[in-house]
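Trainee: Could you take me through one part of this model closely, namely the open sheet and what packs on it?

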Amino acid sequence: MSLCGELPKREDKEKPYREEAVMSLPLPLSLRKMLWRARSWQAPEIPLFQRVVIELQSHCNRDCYFCCRESDTLGKRKSADGKSVKQSMPTGKVMALFDELESLGFDGYITFHHLSEAFLDKRLIQIAKEARHRGMKPYVHTNGDVLRNNEQLCKHASDVFEYIVIGLYDYTTEAEKDSEKEFWRKRLSGTQVMFSLAENVYVRTHSPVNARMKVITGQTYPTAVCAEPQKYLMIHYNGDVACCCEDMYGELMRFNIFETSIKEIWYSERHAQIVDALLVGNRRKYDLCAKCTMGPSRYVRDPMHGTRHYDT
């Protein structure tokens, strides 16, 4: 007899072991319960992520009224006195993550920001070039402030990024918006340019509470299916791991990339349980998901499907 005793052979591999077979083993009750949970749990098949976010640094030069970083109370984006936190991920860590991604055969889309301004990091272009050299597809979202008066940087950005999303939030007329679009199309003529527009701002899970956001109606979807955890691997500047853009604290996955490998995290029981629950619309299982303002989403093989809401 093995340490855990002999379990009966399974006649139907799609069904878990019967509870009574496990609970009758000659083991302490706590160990029998642990074994039952492990035996009965069935992990869903999880495809490799389509997109990766490796946040190079934490800072943003703007204080947008809608940005989730403005509601930070834990010191990850804003300090106690309201100042922007300025920390960076070491280059060696970024290269080690590239090595891991390459070993997993990842050749999808990758970017280098999350609630931060990518072009504030002077390493951005070289790191994006390295990602492209390794077969990945770099893209970037930006407020455009660093790029606007730097034509050489715009040329480098156009050469390395698959597409660039410019945030346009300051225009007051349609004519001003159209003028801004034309400016960026010319300035970044070597790549595809998309726009995130002020009129499309919506209430997010961690949106700040202020007068301008209060006039926007928010809604949660506690029973809606969600495929985001199957598509995204997000790594914050401090190593915290998330599997969707609404998780700005890394509270859902509860892993740090500096302590656990990408492979171990992605194929972990914790991640599989999240995927399993959200595939059937059980958002209430997780506090973050229960209050999430993102509508239903399903897994689509085309990773560009998620960019359709941007203006072109």
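**The open sheet and its surroundings**

Mentor: Strand β2 (residues 109-111) pairs with β3 in the parallel sense, over 2 bridges, where strands (E, at least two residues) and helices (H or I, at least four) are DSSP runs numbered from the N terminus and two strands count as paired if DSSP finds at least two bridges between them. Within this pairing, Tyr109 has Lys137 of β3 as its bridge partner. Helix α3 (residues 91-103) packs on the sheet and touches β1 (51-54), β2 and β7 (232-235), its direction making about 165° with that of β1; contact here means heavy atoms within 4.5 Å, and the axes are lines fitted to C-alpha atoms, for helices over the stretch in contact, with angles from 0 to 180 degrees between N-to-C directions. This is a predicted model, in which local features need pLDDT of at least 70 and side-chain atom pairs count only at pLDDT 80 or more, while totals for chains, interfaces and linings use all residues. Residues are numbered from 1 along each chain as its sequence is written, and side-chain values use heavy atoms, with hydrogens and water left out.

The sheet as a whole is open, with 5 strands in the order β3-β2-β1-β7-β8 and mixed pairing. Because β3 (137-138) and β8 (241-242) stand at the edges with a single partner strand each, one side of each is left without a neighbour in the sheet.

Turning to salt bridges (a side-chain nitrogen of Lys or Arg within 4 Å of a carboxyl oxygen of Asp or Glu), the side chains of Glu246 and Arg204 meet in one at 2.9 Å, N to O. Glu246 lies in the loop between β8 and α9 (262-266) and Arg204 in the loop between β6 (192-197) and α7 (211-214), so the pair ties together parts that are 42 residues apart in sequence.
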